[in-house]
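Have the structure open and follow along.

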Amino acid sequence: MPEKALTNLLVKPAGADCNLRCAYCFYLDKCSLYPDSKNHRMSDEVLAAMIEQMMVLGGDNPSFGWQGGEPTLMGLDFFRRAVAYQQRFGHRGQGVGNGLQTNGLLIDKDWAEFLEQYQFLVGLSLDGPQHVHDHYRRNAGGAGSWERVVQTSRLLMGRGVAVNALVVVSDYSSQYPDDIYDFLRGEGYDFMQFIPIVERGGDGDGATPWSLSADRFARFFCRIFDRWVADFRDGWPSVSIRWFDSLMHTYVGLRAPECPMAETCGVYLCVEHTGDCYPCDFFVEKQWKLGNVLTDRLDHMLNGDKMTAFGQQKARLPSQCVNCHWYKHCFGGCTKDRVRDPRDQGLDHFCQGYKIFFEHADTTLKRLAQRWHNRQAVEAVRARREKKNARPDKRRRT
């Protein structure tokens, strides 16, 4: 098996610490892994070591995804140092990508200026209109966060920062696909990521009340798909919805960019505030610790035996899954969605919802894929003609 290239790090600089207490948060309990301190913050030693390794080993376009918890708890100076280290340890011609996933509460004009200057891609957690967003996204005192997040959204967009909407789809929000889509479009969002949630209940038996059922998954995404198609311009999407974009890869015969839609997973590293590395932020667990950036090489951890074993879990599927007509478009879904609810018996929690959705969307996606292939063929012919016309005249001149 060829070695996997080190291209992406998912970094948790403040661990699971957060200034919100969203009911559906899966990461907050990761604080229990590091009980020796109340506040979890990445040291400058870990930051420098991590970035130096990534800039040396990460190829021409290394990418850093800064997440949490809430990464802005580190303060703006931390990220200024991060960029300075990227510049120090990078080499000529090397690009670097930075993505910040944030709840937006601490973003002000200084943050917006910095994010625009260094071309950070911001994923802003915004679940929709106020009644949807504030249903689960509240602070420790129980107050909603919607008004502050919308203020941040408008500040960032006004500054020219690239902003994607990160929308958690829960039992409640799944009832309002049109409200959510209309709100986001009204706020100027052309890039959206819908994240269906399923979490195991506190007693370990079944999913939590806020988890999305397969039926509601299907109804929500079928409706969002119809709205997406209705917004086509000249036969092509005018709005980017991450899952639909990834599905298009599978329909045109390309590998999807999202790891849940690959045959195996384990293509990036998750770095906690201590420098400890894990194969995925959904599996930041003692048994899956791969090493630490202060003592181990990132590329060795990415290609080590433990990471390989983790990635191969995804391919171990029930026969009814691998023999399914839609398998090539989902590859069994995300591993964490097969272990969150024991009643699913190894199938993706949303399996039946996937089937309903694919039946609904298949004809349109096939038609769009054929248009894509036709355009690729036309562009290939044009490129050959341009190359032929650009050849110098080699005939002897007198």
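Phe-217 is buried, with a relative accessible area of 1%, and Phe-221 is buried too, at 2%; buried means under 20% relative accessible area, exposed over 50% and partly exposed in between, with a 1.4 Å probe and protein chains only. Keep in mind that this is a predicted model, in which local features need pLDDT of at least 70, side-chain atom pairs count only at pLDDT 80 or more, and totals for chains, interfaces and linings use all residues. Residues are numbered from 1 along each chain as its sequence is written, and side-chain values use heavy atoms, leaving out hydrogens and water.

The structure holds 38 aromatic pairs. Rings of Phe, Tyr and Trp (its six-membered ring) pair if their centres lie within 6.5 Å; planes under 30 degrees apart count as stacked, over 60 as edge-to-face and the rest as tilted. One of the pairs joins Trp-146 and Phe-183: with centres 6.0 Å apart and planes at 45 degrees, the pair is tilted. Because Trp-146 belongs to helix 5 (residues 146-159) and Phe-183 to helix 6 (residues 177-186), this pair ties together parts that are 37 residues apart in sequence. Helices here are DSSP runs (H or I, at least four residues), numbered from the N terminus. Trp-146 and Phe-183 are both buried.

Back to Phe-217 and Phe-221: they form a tilted pair, 4.7 Å centre to centre with 45 degrees between the planes. They are four residues apart in helix 7 (residues 214-230), so about one helical turn separates them.

Finally, look for charges over rings, where NZ of Lys or CZ of Arg is within 6 Å of the ring centre and within 35 degrees of the ring normal. Lys-336 lies over the face of Phe-282, 4.7 Å from the ring centre, and Arg-375 over that of Trp-236, at 4.2 Å.

Methods
Helix = DSSP H or I, 4+ residues; strand = E, 2+ residues; numbered from the N terminus.
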